[in-house]
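The stops below go from one selection to the next.

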Amino acid sequence: MMNFHNVLRKRIETIINSWNEDGIYAISFFINSNEAYEYNGFNNISTFAISYNTEEDCSGAGQYDEERWNYAFWRQDEHIIIDPDYPDSLISQLFEWYRENSIENIGYEDCDHCYDADCNYIGKGPVGHYELILLVSDVAKQLQEEGFIKNHFHKDIPIIIHGLEYAWYDIEATTHANPNGEADVFLDAMKKMGIF
């Protein structure tokens, strides 16, 4: 049985160890699903990439400004980890992990049960998406708890787990991934912007 958690962690550590730019203040763990993403007959699958933003990239933005925290304003210089269009990615290992954990119907989403009576999104994305977010959140938490991030950057830096929209599960995963309050400013900014 493959330990996909460790495979992900090793790939993430290798990428982060290559970063030496000054002013990095946040790390993005971008997990996105799209019906156009296909792999082995499945569609609407999730991809995973990591990147970062620097103080220079958001020059002049205040601590709680949207320009600082909304990924749409970031440079988005992504390092691909899982993507069916990149042969070097871990897509086959992800699907092996799905199989080992009896996660079936990858990509299926029951839209009839995705919103509550007030039209708030309560779904978990297509099958496989939420499960990947939980796994990535656990990896991120381990990187924070064991000091990998702090040792590399010589300071605390939040790991923000998100898609194009900041769904409830992104906020939950980011909170979990930053157990010592590394993401508190980000979470406060999301509240001020009315995200949650």
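**Stop 1: helix α3**

The residues in question, within α3 (residues 91-100), are I91, L94, F95, W97, Y98 and E100. Buried means under 20% relative accessible area, exposed over 50%, and partly exposed in between, with a 1.4 Å probe and protein chains only. Helices (H or I, at least four residues) and strands (E, at least two) are DSSP runs, numbered from the N terminus. Just after α3, pick S102, which has a positive phi of about 55 degrees.

Before moving on, note that this is a predicted model, in which local features need pLDDT of at least 70 and side-chain atom pairs count only at pLDDT 80 or more, while totals for chains, interfaces and linings use all residues. Residues are numbered from 1 along each chain as its sequence is written, and side-chain values use heavy atoms, with hydrogens and water left out.

**Stop 2**

Select β1 (residues 24-33), where nine of the 10 residues are buried. Two strands pair if DSSP finds at least two bridges between them. β1 pairs with β4 in the antiparallel sense over nine bridges; to see one, show F29 and its bridge partner in β4, I50. β1 and β6 run parallel and are joined by four bridges, and here I27 has I159 of β6 as its bridge partner.

Now turn to β6 itself. In a regular strand the side chains alternate between the two faces of the sheet. Both faces of β6 are covered, with I159 and I161 buried on one side and I160 and H162 buried on the other.

**Stop 3**

H162 has 1% relative accessibility, so it counts as buried.

Next, draw a distance from H162 to T174: their C-alpha atoms are separated by 7.8 Å, and the two residues are 12 apart along the chain. T174 is in helix α6 and is buried, with a relative accessible area of 0%. Its contacts, again not counting residues up to four places away in sequence, are I159, I160, I161, A183 and F186.

**Stop 2: helix α7**

Just after the helix, G194 takes a positive phi of about 80 degrees.

Definitions and conventions: Contact means heavy atoms within 4.5 Å.
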